[in-house]
Amino acid sequence: MTTLNPTTRMRRVVLALATTLAAGTVLVSNPATAAGVDTAAAVHAGKHHHNSKPIVFGHRGASGYRPEHTLAAYDLAIQQGADFIEPDVVSTKDGVLVARHENEISGTTDVVDHPEFAGRKATKTIDGKALTGWFTEDFTLAELKTLRAKERIPGDRPANTAYDGLFEVPTLEEVLDLVEAKEAATGRTIGVAPETKHPTYFDSIGLSLEEPLAKSLKRHGLGGKRAAAVIQSFEVSNLKDLNRLVDTPLVQLVDFGGAPYDQVVAGTGVTNDYLVTDKGLRSIKKYADQVAPYKYYFIPRTTDNTLGEPTDLARRAERVGLPTVIWTMRAENKNLPVECRKGTDPIAIGDLACEVGAYLDAGVDAFFTDQPDLGVAARDAWVTKQ
C-alpha cells in the first residue's frame, strides 16, 4: 500500500473529489479512500466525517494583508501556508486574462489618477447592473500595465494602503509562473483556483474567458483531473463549456439568494437556492466536481448576528459526491459572528478560529479566507482536536 504525503492527501480531498468505494457504497470526498486506505464510511450517524485536513484557499491571495490580486498578495498567501491561491480572471481589450476581482477597476487601481485615460470612463451594464468607471476590456495589456494596484477597502484595512501604488495588475500567466517558481523553491505543491468573472458579459463582447483560461492551464500542466488546480464560476453554462475544454476539476460557486446570471439571461428559472437542493446538487454533479455555496447556506446567522443552527447541506452534498467549499472567512470583528469577536473595534482582528471551527464541525471540506495564516492556524487547531 502506498502512503501519501500530507500535501498529496490534501490535494486529493479537493482534486480527486468523490471516489466510489465499491458497488453500492457511499460516495465520499476522502483522500485516504482515494489512495485505497481502508477507512470508515464518511457518513456515520447522520454526521459528516473528515478524514484529512480541510483545505485553505488564500482568497484573492492574502488580501487581508496586501492589496488583493497582486503578486505580493499571492506570494504572501503561499508563505502563510495556503493550500491554494485564487486569481479571479477578467479580460483586457487584446484578450489577455488578468487578475482582478471585477472588470471595473476604479476601486482596485489608480486609474482615476491617469489623465490620459479620463476618456475611458464609461457606464456599462454588467450582469444586469449599471456600473460607472473604468473597465479592463477597454485597455490593452500594455496600457493596463501602466496602472498600479491599491487597497479596495481602505476603511477596513488601513494598513494595506501602505502598499498602494507599488504593484502592477498581474496577468494569469504571471500568477502561474509565480506558483511554479514557489513550488520549485519550497518543494510544496501549491494549488491554483482561477475564477471566471462575468463570463456571459465577456462572451457578449467577443472576449470569451473559457478558451484562453483552458489554454493557460494546459500550458502549465494544469489541465488534468489530478492537476493542482480547480476552476470556479458562479455561472452554470460557463462551467459546462469548460467541462468540454479541459479536465481540470470544476467548482460551482453559489451566491446567497438570487440566480446565476447566465440562467437569468436564458430564462431557465434556476436559482441559487435551487442549486443547493438535492435535485440541484445532482444537476451540478453532472458537469462539476465540487460545490461552493456561500457560508450562510451551511450555518445561517441569527437576527442578532450570532451563529445559527447548522444545516444538513454538507451531508447532502457528500451523498451526491460533491466536496463542499465555503467563502469567505474574514478575521475583522465586523465580519465575524458576535460570539467570535474580540473587543468593540469593528476592524480589529477577532477570533477567526471560532468561526472556522464551527463550519468545519458542520462538515465543510474547504474554505476561503482573506487571512491565510489565521485560516491555516484555525484549520490545524481544529484537526488537532479531532
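Asn160 counts as buried because its relative accessibility is 3%; buried means under 20% relative accessible area, with a 1.4 Å probe and protein chains only. This is a predicted model, in which local features need pLDDT of at least 70 and side-chain atom pairs count only at pLDDT 80 or more, while totals for chains, interfaces and linings use all residues. Residues are numbered from 1 along each chain as its sequence is written, and side-chain values use heavy atoms, leaving out hydrogens and water.

Asn160 sits in the loop between helix H4 (141-144) and H5; helices here are DSSP runs of H or I with at least four residues, strands are E runs of at least two, and both are numbered from the N terminus. Contact means heavy atoms within 4.5 Å. Leaving aside neighbours within four places in sequence, Asn160 is in contact with Ser63, Gly64, Tyr65, Arg66, Pro67 and Glu151.

I turn now to H5 itself. The axes of helix H3 (residues 71-79) and H5 (residues 172-186) come within 11 Å and cross at roughly 30°. H3 is therefore roughly parallel to H5, a label for angles under 35 degrees. Axes are lines fitted to C-alpha atoms, for helices over the stretch in contact, and angles run from 0 to 180 degrees between N-to-C directions. On the H3 side, Leu71, Tyr74, Asp75 and Ile78 meet Glu174, Val175, Leu178 and Lys182 of H5. By class, this contact of H3 with H5 has five nonpolar, no polar and three charged residues; Ala, Val, Leu, Ile, Met, Phe, Trp, Tyr, Cys and Pro count as nonpolar, Asp, Glu, Lys and Arg as charged, and the others, Gly among them, as polar.

H5 also meets helix H7 (residues 210-219), with axes that come within 11 Å and cross at roughly 20°. H5 is thus roughly parallel to H7. Leu172, Glu173 and Leu176 of H5 and Leu213, Ser216 and Arg219 of H7 make the contact.

Finally, what of helix H13 (residues 352-361)? Seven of its ten residues are buried, Tyr359 among them. The buried residues of H13 pack against strand S16 (325-329), strand S17 (366-369) and helix H14 (372-385). Leaving aside neighbours within four places in sequence, Tyr359 is in contact with residues including Phe298, Ile326 and Met329. Just after H13, Gly363 takes a positive phi of about 105°.

Technical notes. Parallel < 35°, antiparallel > 145°, perpendicular 65-115°, else oblique. Buried < 20%, exposed > 50% of the residue type's maximum accessible area, 1.4 Å probe, protein only.
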